[in-house]
Amino acid sequence: MMFRLWIAPLLLLLAACSSSDSRTESAVRTIADLKAMCSGRVCHIVEDISIVGTVVANDWLGEYHKSFVLFDGSHGIEVAFEERDIAAILPINSRVTIYCNGLALGRLGDKVVLGAVPTGDYPVDNIAAQMFSRYIRVESLGCEFSYAERRLDNISTADMALPVVVRNVSLDNTLPDMRWCDRDEEGNLATTTRTLVDDGGNTLPLRTLGTCDYADEAVPTGKFTLCGVVDYVDGGIGLRIVNHSIY
């Protein structure tokens, strides 16, 4: 997989700047422990704690917008970040520490998102780009991760934001020349939810953003395997393809 190699000097500079700031030593928590702190709609984090993980999804291919997903090997969490090109500073497979004191956790149904303290109706705001060095530090690049094997019928709310691989699935009600995303009345590609189905008849929603680079690509007509992140879709559990991993 080819990524922006030219960003390495920038990332090293950012990491150096972050490591020299005045943050106090923080206690590293698992992502599961962090998410468990959010028992209500919003939780303001006032402890010196941090999480460490690998970036497994971002806006590289338009699959996410102003957010990325961090995975610590067991659990994942989506992070809201106000940056137009997150992939340029937080590429896939980068190892990242997030210092959480001063941030907030917000709940969207069964999904917990990490972001800035909310100032409006949304459970969290996006972390401002100018606050990158205060809260986020890039530790290294090229850190591999593994997708968890799942079947459609054993994906649960406990897997929210987890990178998973599902095999031998197809799309329900496939039509000739169907694309990943439909077009709206003005002809623009729109975020679309389709339905995955397996041999046992189990189904799961699959959401693709209209901003995705392959939104106008024809969908598979038979069985396929995909890698995605478990997401909150249409009020329940669903999937979102990541890194164009369809084969």
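This is a predicted model: local features need pLDDT of at least 70, side-chain atom pairs count only at pLDDT 80 or more; totals for chains, interfaces and linings use all residues.
Reader: Which strands pair with strand 12, and in what sense?

Author: Two strands pair if DSSP finds at least two bridges between them. Strand 11 (residues 148-149) pairs with strand 12 in the parallel sense over 2 bridges, and Ala148 stands opposite Val164. Strand 15 (residues 224-233) runs antiparallel to strand 12 and is joined to it by 5 bridges; here Val166 stands opposite Leu226. Strand 13 (residues 192-197) is also antiparallel to strand 12, with 2 bridges, and Leu196 is the bridge partner of Leu171.

Reader: Where is Gly222, and which residues does Gly222 contact?

Author: Gly222 is in the loop between strand 14 (203-208) and strand 15. Its relative accessibility is 32%, so Gly222 counts as partly exposed. Contact means heavy atoms within 4.5 Å. Leaving aside neighbours within four places in sequence, Gly222 is in contact with Val169 and Ser170. Gly222 and Asn168 are 54 residues apart in sequence, yet their C-alpha atoms are 9.0 Å apart in space.

Reader: How many residues has the largest nonpolar core?

Author: In soluble globular proteins, nonpolar side chains tend to be buried together. A nonpolar core is a set of buried Ala, Val, Leu, Ile, Met, Phe, Trp, Tyr and Cys residues joined through side-chain atoms within 4.5 Å. The largest core here has 62 residues, and those with the most contacts inside it are Leu90, Ile98, Leu114 and Leu239. Strand 3 (residues 49-57) gives the largest share of this core, 5 residues. Beyond four places in sequence, the contacts of Leu90 include Val55, Phe68, Phe81 and Phe132.

Reader: Is Arg240 buried or exposed?

Author: Arg240, in strand 16 (residues 236-246), has 7% relative accessibility and so counts as buried. Among its contacts beyond four places in sequence are Glu63, Tyr64, Cys227 and Asp231.

Reader: What lines the largest pocket?

Author: Rolling a probe the size of a water molecule over the atoms shows where empty space is left. On a 1 Å grid over the protein atoms alone, a pocket is an open set of points where a 1.4 Å probe fits, with protein on both sides within 12 Å along at least five of seven lines; lining residues have an atom within 4 Å of a point. The largest pocket has 18 lining residues, and Ser67, Glu78, Leu108, Lys111 and Tyr122 lie nearest its centre. Strand 5 (76-82), strand 8 (111-116) and strand 15 each supply at least two residues of this lining.

Terms used. Residues are numbered from 1 along each chain as its sequence is written. Side-chain values use heavy atoms; hydrogens and water are left out. Helices (H or I, at least four residues) and strands (E, at least two) are DSSP runs, numbered from the N terminus. Buried means under 20% relative accessible area, exposed over 50%, partly exposed in between (1.4 Å probe, protein chains only).
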